[in-house]
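Dear colleague,

I am handing over the structure below, followed by an account of what was found in it. Please read the text with the model open beside you.

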Amino acid sequence: MSSSEPELEIDLCAIGWNFRVLTALTAATVSAVVKSDAYGLGLEAVAGGLAVAGCRSYFVADLSEAEKLRRILPRAAIYVLAPDYAADPTPYHERRLVPVCNSLEDATCAALSAERASYAVNLETGFHRFGLTFDDVRRLAQTQTHFPTVALSHLACAETREAATNALQWNRFVSMCEILRPRGRSLGASAAIWLGRRFHFDIIRAGSALYGLKMPTVDPSPIRPVVRLRAPLVAVQTACAREAVGYGATFTTSRVTRIGTLALGYSHGFPFAAANRISVNIGPHQAPLIGRVAMEYVTVDLTDVPESLCRPGIGVEVIGPHLLIDDLARAAQTNPQEILLRLGAGCRRRYANSPVGAVEDQDR
Ligand SMILES: *Cc1c(COP(=O)(O)O)cnc(C)c1O
């Protein structure tokens, strides 16, 4: 690693592997959620890899992501989670994008479209963000003849097997679907795979598991980690005992200490809250983070790492087999999705193991 900035390595083969693992665990269609630039990992590269692995259906956040995806996947099913549909339905029809209608207004507009194009509805079953209520569903069914092709809803506590809200949301979802009779029903995201088959329905909307995030309740997990983070060591110095390190002097040396400075900070999406709480890897050796995380740099204690390995310019492994995204999230008291998104947006990305193979989606 010769550069002076951190690098996020994204293993496209591992994403494809995870897609196949999920597919093997369910009879439902596994649809890839690639919103927020594929959780920060790069929409085009990730979707390209998923298409080679056999993925034919995708959920994106908005119209601009949908248009990007349509350019590389001319035939895939593309669902838009937060459509601005009623304002201008034309681009949805032209590019065969399926709006996920979150309100009765949007659903009515889609039902009345002259093209009678497919649309999906989001049902309010207990998440209370947005979606059609029971009354909305009855009204839609009573006033329209063109019904949604897909109905979805989102579980609030899918990672907690015993949560009572799972059964409650399941019951409401099934009752609402009985009115609308959609061809495709979708209640679960990644975690629902492990909740039992009755939560799978026809489509699983998988994000986190594809990107290598572990489900806390699934151990051992068949999901493969997807990212590695390396940062270059840019300086090494020695401090006496009882010297303070970094902003706020939050760490004080207890011995003569070899201190390494890594080009990695919160400007790269590295969490400020991880200060003094994790270790990085240099070969087989661990070096604890000491002192605060600054905008462009962090400092590590290299005293127990052989001096011959502590050369400025070497790449230090921050996220890898020794420390997963999930571990870093726990240390920083946040969720792994936020860490992934911020690192993906803040670091230079490098794709490893680009899969080779025919993308069947391509127009023949
Ligand atoms: C983000 C999102 C998903 C994906 O969730 P994961 O837990 O990351 O698999 C699924 N459905 C909806 C509606 C979402 O917003």
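I begin with Tyr58, which, leaving aside its neighbours within four places in sequence, is in contact (heavy atoms within 4.5 Å) with Ser31, Ala32, Val34, Ala47, Leu50, Ala51, Leu69, Leu73, Ala76, Ala77, Ile78 and Tyr79. Please bear in mind that this is a predicted model, in which local features need pLDDT of at least 70 and side-chain atom pairs count only at pLDDT 80 or more, while totals for chains, interfaces and linings use all residues. Residues are numbered from 1 along each chain as its sequence is written, and side-chain values use heavy atoms, with hydrogens and water left out.

As to the whole, the protein chain has ten helices and 18 strands, where helices (H or I, at least four residues) and strands (E, at least two) are DSSP runs numbered from the N terminus. The C-alpha trace spans about 80 × 50 × 40 Å along its principal axes, and 52% of the 364 residues count as buried; here buried means under 20% relative accessible area, exposed over 50%, and partly exposed in between, with a 1.4 Å probe and protein chains only. Of the contacts in the chain with a separation of 6 or more, 66% are accounted for by residues 24 or more positions apart. The chain is divided into domain 1 (11-206) and domain 2 (228-319), with bounds that come from an automatic or database domain assignment, and the centres of the two domains, taken over C-alpha atoms, are separated by 43 Å.

Two strands are taken to pair if DSSP finds at least two bridges between them. Strand 2 pairs in the parallel sense with strand 3 over two bridges, where Ala32 stands opposite Tyr58, and likewise in the parallel sense with strand 9 over four bridges, where Ser31 stands opposite Arg205 and the bridge partner of Val30 is Ile204. Strand 2 is mostly covered, four of its five residues being buried.

Helix 3 (residues 43-53) supplies Leu43, Val46, Ala47, Gly49, Leu50, Ala51 and Ala53 as buried residues. These pack against helix 1 (12-24), strand 2 (29-33), helix 2 (35-39), strand 3 (57-60) and helix 4 (63-72). Just after helix 3, Gly54 takes a positive phi of about 110°.

The feature "modified residue: N6-(pyridoxal phosphate)lysine" (unreviewed entry) is placed by UniProt at Lys35, a residue found in helix 2. Lys35 is partly exposed, with a relative accessible area of 30%, and, leaving aside neighbours within four places in sequence, is in contact with Phe59, Val60, Ala61, Glu65 and Leu81.

For "binding site" (unreviewed entry), UniProt lists Arg129 and Met295. Spread over 167 residues of sequence, they are also spread in space, up to 33.8 Å between C-alpha atoms. Arg129 has its place in the loop between strand 6 (120-122) and helix 7 (134-143); Arg129 is exposed, with a relative accessible area of 54%, and touches Glu124 and His154, not counting residues up to four places away in sequence. Met295, by contrast, lies in the loop between strand 15 (285-290) and strand 16 (298-301) and counts as partly exposed at 46% relative accessibility. Neighbours within four places in sequence aside, Met295 is in contact with Gly265, Tyr266, Ser267 and His268.

With kind regards

Notes
UniProt positions are given in the numbering used here, feature names are shortened, and annotations may be inferred rather than shown by experiment.
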